[in-house]
Amino acid sequence: MNKRNFIRFSALFLASSTLPIATSGSSPRAVKATSFPDPIFIPTNNITLAVYKLGKGFPIIFCHGFPELAFSWRYQMNAVAKAGYQAIAPDLRGYGQSDQPRDISAYATTEVCDDLVGMMDHMGLEQAVFCGHDWGSFVVDTMALLYPNRCAGLINIGGPHNFRPKDLPPAHTSVKEVVDKPAYNRFMQQPEAPEKLLNRNVETFFRTFFRKDYLTTTNLSKLPVEAPERKLDLATMMASTQPKDPLFISETALKVYIETFSRTGFDGGINWYRAMPKTWEELQKRKLHWGLNIPYLYLWPSQDPINPLGLKVGLEDYIENLQAFAIEDSGHFVMEEKPQEVSSRIINWLSQNFSNQAARKY
């Protein structure tokens, strides 16, 4: 991946008035999410992460995106734990009950990976399977680039592997983009504007983006290129008088998102976008391990307008142990829209590749 492609990189990462955000580097403590474990608080890389655990066995570490939380993995965590693995999901830095550093440079993806390594060290874990969605998928791919010895396998949900080896020619893809991701990134990198918009409209934001059959490839492809939905013009989309129901999540789950982000604000998650140039800069300073010789699972939501590329994206050129599946009729937030299918694909893949580890005692 060259610098130009990196800066253009984007998944949706999308990621009533709010309460004031935290006045220090620590995040306000949220109320307990229904049917979700209490967190443990782990010091790592000069911050504290809220980490949620279920089950015992070989560890599977789940990394969320924007605007998500460890809570977004609740279905998959339960399924993995019942299958005999240890499910671990942190609120990544800037989110939920984890700390929110003020400095934008603190949100470089290299820092997030260092957080995860410190978390593993604290928990006594040598290796884990990493599973990511949205920004989290970029995190898990970067983990294998920086710390291959800590990665037993990778699961990427939503977007394909981000680091094609430099000695290979570019993959041949010719799919027309559905949404204007560069315009969205530019907005999210502006000073103050994204926070002011989202922090004042938390419930409207989530009701807009969790609306069933709204942000889908089929629906958006019918709209003009300049339509606000295709520009990901958040202000116009949220101001629309169109009904914002039905949703693809329950009102109970929606309440967790609304209450959490009303307490914390969106500032931490937005800073991930602003730190994109810093991530590129920091990667150039590290020893990078190109290529993948570990099991890799790629799940593509077939109605995700952020990634219309499909399954044939050149991963087979350099990933020997690759499995790739479409999750049909699902938009971007596939863990919420199709929880059973996502969980089933993960469990089947784990049983094929990590059954020996699952049988051991941890």
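This note walks through the predicted model, from the whole chain down to one helix and its surroundings.

1. Ground rules. The model is predicted: local features need pLDDT of at least 70, side-chain atom pairs count only at pLDDT 80 or more, and totals for chains, interfaces and linings use all residues. Residues are numbered from 1 along each chain as its sequence is written, and side-chain values use heavy atoms, leaving out hydrogens and water.

2. Overall make-up. The protein has 16 helices and eight strands. Helices (H or I, at least four residues) and strands (E, at least two) are DSSP runs, numbered from the N terminus. Of its 362 residues, 58% count as buried. Buried means under 20% relative accessible area, exposed over 50%, and partly exposed in between (1.4 Å probe, protein chains only). The accessible surface is about 15,000 Å², with 49% belonging to carbon and sulfur atoms. Areas come from the Shrake-Rupley method with a 1.4 Å probe; for residues, only the protein chains shown count as cover.

3. Helix α3. Buried residues in α3 include Thr109, Val112, Cys113, Asp115 and Met119. Gly124 follows the helix, and its phi is positive, near 75°.

4. Arg93. This residue lies in the loop between β4 (86-91) and α3. Arg93 is buried because its relative accessible area is 3%. Its side chain meets the side chain of Asp115 in a polar contact of 2.6 Å. The Arg93 side chain also reaches the backbone oxygen of Ala106 at 2.6 Å. A polar contact is a pair of N or O atoms within 3.5 Å; within protein, one must be able to donate a hydrogen and the other to accept it, and residues adjacent in sequence count only if both atoms are side-chain atoms. Leaving aside neighbours within four places in sequence, Arg93 has contacts (heavy atoms within 4.5 Å) that include Asn45, Tyr107, Glu111 and Trp272.

5. Asp114. Asp114 sits in helix α3. At 17% relative accessibility, Asp114 counts as buried. Not counting residues up to four places away in sequence, Asp114 touches Thr44, Asn45, Tyr147 and Arg286.

6. Cysteines. The whole structure holds zero disulfides (pairs of cysteine sulfur atoms within 2.5 Å). For Cys63, the nearest cysteine sulfur is that of Cys113, 8.1 Å away. For Cys151, the nearest is again that of Cys113, at 8.3 Å. Cys63 is buried at 0% relative accessibility, and Cys151 is buried at 1%.
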